[in-house]
Every structure is written in C-alpha cells, then in structure tokens.
Amino acid sequence: MHKIDIPQEIIDSCIRFRGRRHAFEDLDPARTALVVIDMQTSWVEPGFSPLHIPATLGIVPNINALAAAARAAGTVVAWTRSTFPADWTTRSYARFGAPEWRDRIIADTVPGSRGHRIADAMDVRPEDVVVDKTRPSALVQGSSRLESELRARDRDTLIITGTLTNACCESTARDAAALGFLNIMVSDAMATRTDVEHNATLVNVMQLVADVRTTEDVIELLR
C-alpha cells in the first residue's frame with residue numbers, strides 16, 4: 001500500500017478555500033456508487049502481465065471492505081474492466097511504449113480473456129454493475145456504459161477506487177466532475193507504480209475534483 005504524503009500547504013489551501021479540509025461531511029448512500037476501476041487479473045496477479053501493479057495487492061482488502069459496506073448501506077457497487085483496442089492503443093501509445101509492449105497489453109486485455117477478468121481476489125457479487133471500457137476514463141464519451149448505468153440508478157456521487165491512481169482513476173474522476181458527479185477518491189484503496197505518482201494525483205484532485213478520504217473514513221460516512 002502506498003505511503004500517503006500530502007503537503008501541509010495543500011491541506012491548508014483546502015481549508016482556506018472551503019473552511020474545512022474535507023469536501024464531504026456526510027453521504028447519501030441512495031445517491032452514491034462505489035466505482036472500482038480495473039482490478040483485473042492483468043493488473044493484480046503477479047507475473048501474469050507487464051500491466052501488473054504490485055501495490056494493487058495491498059488494496060484488495062480495503063476495496064472488498066468498502067464494497068461490503070456499500071452494499072449494506074444500499075449503495076451501488078460498479079466494477080470496470082479495461083481493454084486496449086488495437087487501433088486506439090497502437091496510435092495513442094506509438095511514442096510512449098515499444099511495439100512489443102503495446103502488442104502485449106492489447107493481447108492481455110482482450111474481452112473474455114483471463115487478463116480481462118476481474119481478479120479472483122475481488123469480491124464481486126451478482127447484484128453489482130460490471131462494465132467494460134475502452135479508454136482510460138470510464139466516463140469519457142464512447143468509453144463505457146458506466147454513466148448510463150449510474151444515471152439509471154439516480155446516482156450523483158462516486159467513491160472511486162482501483163488502479164492506476166494517476167491514470168484511469170484520475171481520468172474517470174475528472175470526467176465525472178465535468179459531468180456533474182461529486183467525487184471521493186479513497187487514498188488507501190487506489191494503487192499505481194510509485195508513491196510519488198500516487199501522491200501527485202491526490203494533490204492534484206483534492207482541491208476542486210475529489211475529496212480524498214481513507215477507507216475507514218468512507219465506511220464511517222456510509223454508516
């Protein structure tokens with residue numbers, strides 16, 4: 001699990017801006033959804049794929065605890081499964097990764113494949129929502145049906161967890177805010193490659209995009 005290190009000057013800025021550190025003082029479970037981003041075999045299982053993020057192993061218990069608390073409170077639990085379409089991936093990552101790497105992540109996230117499945121360690125239930133997405137953000141136009149699933153259930157507040165903190169989680173949170181959703185990002189229920197990247201996202205989002213809370217905080221809010 002990542003070591004959380006948010007500079008005091010950022011915390012002080014939040015307090016000056018809104019009069020308190022946290023944007024949320026309560027939650028309405030009936031208007032809320034827990035969104036778990038891309039906790040799939042390719043990212044979670046060691047040795048399976050170059051997409052593996054070692055820190056995902058440490059957040060599995062927290063995500064499962066949040067999912068249990070969410071269901072008990074009447075909150076929707078939604079899981080995303082990411083895929084890398086060949087045409088988009090080849091074009092978008094042409095200058096950022098070797099062809100061998102691009103080919104491998106395309107292959108490891110083909111819908112229906114082992115790598116595309118939500119990892120066995122995750123507590124997915126039949127009543128949960130599961131959506132496939134084709135872009136880093138689950139809410140950018142054309143990526144997935146997540147927005148329509150949330151709107152159909154009258155959800156306007158998202159609790160965002162999963163991986164990668166600074167990629168798909170942050171992208172989804174930013175697009176959620178642009179669409180009018182309110183956001184909480186759970187600092188100890190997201191993972192990425194390094195503490196530096198993880199904390200950079202928390203600093204980036206906590207003033208105007210998403211409240212940053214711990215698993216314990218969110219479970220208490222859901223109660």
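Visitor: At roughly what angle do the axes of helix H7 and helix H8 cross?

Guide: This is a predicted model, where local features need pLDDT of at least 70, side-chain atom pairs count only at pLDDT 80 or more, and totals for chains, interfaces and linings use all residues. Residues are numbered from 1 along each chain, and side-chain values use heavy atoms, without hydrogens and water. Axes are lines fitted to C-alpha atoms over the stretch in contact, with angles from 0 to 180 degrees between N-to-C directions. H7 (residues 165-178) and H8 (residues 195-205) have axes that come within 10 Å and cross at roughly 15°.

Visitor: Is H7 roughly parallel or roughly antiparallel to H8?

Guide: Angles under 35 degrees count as roughly parallel, over 145 as roughly antiparallel, 65 to 115 as roughly perpendicular and the rest as oblique. The axes cross at roughly 15°. Therefore H7 is roughly parallel to H8.

Visitor: Is Thr157 buried or exposed?

Guide: Thr157 lies in strand S4 (residues 157-163). Buried means under 20% relative accessible area, exposed over 50%, partly exposed in between (1.4 Å probe, protein chains only). Thr157 has 6% relative accessibility, so it counts as buried.

Visitor: Are the rings of Trp43 and Phe84 stacked or edge-to-face?

Guide: Rings of Phe, Tyr and Trp (its six-membered ring) pair if their centres lie within 6.5 Å; planes under 30 degrees apart count as stacked, over 60 as edge-to-face and the rest as tilted. For Trp43 and Phe84, the centres are 6.3 Å apart and the planes at 25°, so the pair is stacked.

Conventions:
Helices (H or I, at least four residues) and strands (E, at least two) are DSSP runs, numbered from the N terminus.
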